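Work through the exercises below with the sequence and the model at hand. Each task sentence is followed by a stepwise solution.

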Amino acid sequence: SYTTDSKSRGENKKTLENLYGLSVDITKIRRLKEWVLLQDVAYVKETAAILQEMGADETTVANIIERCPEAILHTPAEINSQRALWQLICQNEKQLIKLIEQFPESFFTTEYQQNQKANILFFQELGLKNNTITRFLTSAPNIFYNPVEKNKNVIETLQRNYLNLGGSEANWKNWILKLLSQNPFILLNTSTAIQENLEFLQKNDFTDQEVLQLLSKLKGFIFQLNSTTMQKSMLFSKNIFKCSDQELKQLVLKCPALLYYSVPVLEERLEGLLKEGISIAQIRETPMVLELTTQIVQYRIKKLSALRYDIKSGNLESLNGTKKDFEVTYSKIQSKKERPIFNPVAPLHIED
């Protein structure tokens with residue numbers, strides 16, 4: 001019984017009673033966020049009633065509260081406001097309750113409701129689809145806590161630079177929407193940081209067209225870097241590959257990871273490749289292999305070796321790409337190795 005549990009001393013007995021009534025696992029809450037049980041005021045029944053009204057069954061309600069105990073500390077008015085807010089982008093309450101169960105912390109962060117609403121309306125006006133905004137709300141909720149003016153400022157900086165770099169007026173919105181959908185966290189950067197990083201590339205003799213190409217290839221991750229780390233990474237690559245500034249530029253355009261990853265990461269990946277018997281010349285020929293972690297490279301080399309495919313004597317293209325890309329390459333090599341020497345469907349020439 002919760003009344004005789006030594007851990008319950010100091011905990012709000014009414015809160016405990018209401019949670020037990022909903023079949024909530026109290027031990028989970030004690031382990032995660034016991035401070036919630038110590039609060040004088042909690043809205044257990046009210047929170048459960050709102051969730052049930054949206055279509056949640058008893059198990060779902062218990063699961064939500066166990067994962068996000070602070071949900072019961074919000075007033076019914078706060079939760080209903082958040083419900084109305086999320087309904088702006090959810091198709092129906094069935095979708096909404098599913099999202100709340102998956103991402104309760106995002107839903108029950110109610111401190112920034114005004115900013116959240118203003119940003120949702122701004123993103124809709126910009127042209128982002130509701131399902132993309134929903135993905136942002138659950139996976140990158142921080143961008144909604146910013147005042148809408150801050151997000152607008154970042155978008156305007158991106159637009160201005162895109163046009164200055166030679167992007168077309170007709171395509172800028174599509175470009176920005178694609179960039180945002182790939183990496184919404186660019187909105188957490190300042191306009192100044194974005195400007196500085198673009199100027200760094202231009203100072204390193206990348207043409208406007210090449211800068212645009214890099215921005216698209218890096219999916220906006222370049223805005224999360226700074227000129228110091230980029231300079232160090234480029235210098236490291238130049239020394240390793242023993243190349244001129246122009247050759248280095250071509251390598252970076254071929255593999256933006258040389259710009260994006262820090263020196264320790266590049267060192268570790270390079271070392272992993274060299275241990276497998278791969279040469280610097282091979283890596284220079286196919287630098288995209290540095291986008292892969294050492295573990296992925298080792299796994300792929302092992303699989304190819306099982307087919308008696310010698311990676312050391314060929315190029316590294318067969319290692320590249322996503323998991324799906326590699327599986328396609330692997331299947332092609334496998335079928336080639338298994339193919340019979342003679343053609344079984346070719347006609348046989350037999351003398352009469």
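**Exercise 1.** Which residues is Glu 11 in contact with, leaving aside its neighbours within four places in sequence?

Solution. 
Step 1. Contact is taken as heavy atoms within 4.5 Å. With that rule, and leaving aside neighbours within four places in sequence, Glu 11 is in contact with Leu 16, Arg 30, Glu 34, Leu 37 and Leu 38.
Step 2. Helices (H or I, at least four residues) and strands (E, at least two) are DSSP runs, numbered from the N terminus.
Step 3. Classify the residue: buried means under 20% relative accessible area, exposed over 50%, and partly exposed in between (1.4 Å probe, protein chains only). Glu 11 has 6% relative accessibility and so counts as buried.
Step 4. Look at the side chain: Glu 11 and Arg 30 are joined through their side chains by a polar contact of 2.9 Å. A polar contact is a pair of N or O atoms within 3.5 Å; within protein, one must be able to donate a hydrogen and the other to accept it, and residues adjacent in sequence count only if both atoms are side-chain atoms.

The model is predicted: local features need pLDDT of at least 70, side-chain atom pairs count only at pLDDT 80 or more, and totals for chains, interfaces and linings use all residues. Residues are numbered from 1 along each chain as its sequence is written, and side-chain values use heavy atoms, with hydrogens and water left out.

**Exercise 2.** How many salt bridges does the rule count, and which parts of the chain does the pair Glu 66 and Lys 28 tie together?

Solution. 
Step 1. The rule asks for a side-chain nitrogen of Lys or Arg within 4 Å of a carboxyl oxygen of Asp or Glu. The count comes to nine salt bridges.
Step 2. In one of them, the side chains of Glu 66 and Lys 28 meet at 3.4 Å, N to O. Glu 66 lies in helix H4 (residues 58–67) and Lys 28 in helix H2 (residues 26–33), so the pair ties together parts that are 38 residues apart in sequence.
Step 3. Glu 66 counts as buried because its relative accessibility is 10%, whereas Lys 28, at 34%, counts as partly exposed.
Step 4. A salt bridge also joins the side chains of Glu 70 and Lys 33 (2.8 Å, N to O). Here Glu 70 is in the loop between H4 and helix H5 (76–86) and Lys 33 is in helix H2, 37 residues apart.
Step 5. Glu 70 is buried at 19% relative accessibility, and Lys 33 is partly exposed at 21%.
Step 6. Glu 53, Arg 83 and Glu 93 are linked in a network of salt bridges.

**Exercise 3.** Which residues of H13 are buried, and what do they pack against?

Solution. 
Step 1. The buried residues in H13 are Glu 210, Val 211, Leu 212, Leu 214 and Leu 215.
Step 2. These pack against helix H10 (148–164), helix H11 (172–182), H12, H15 and helix H16 (257–260).
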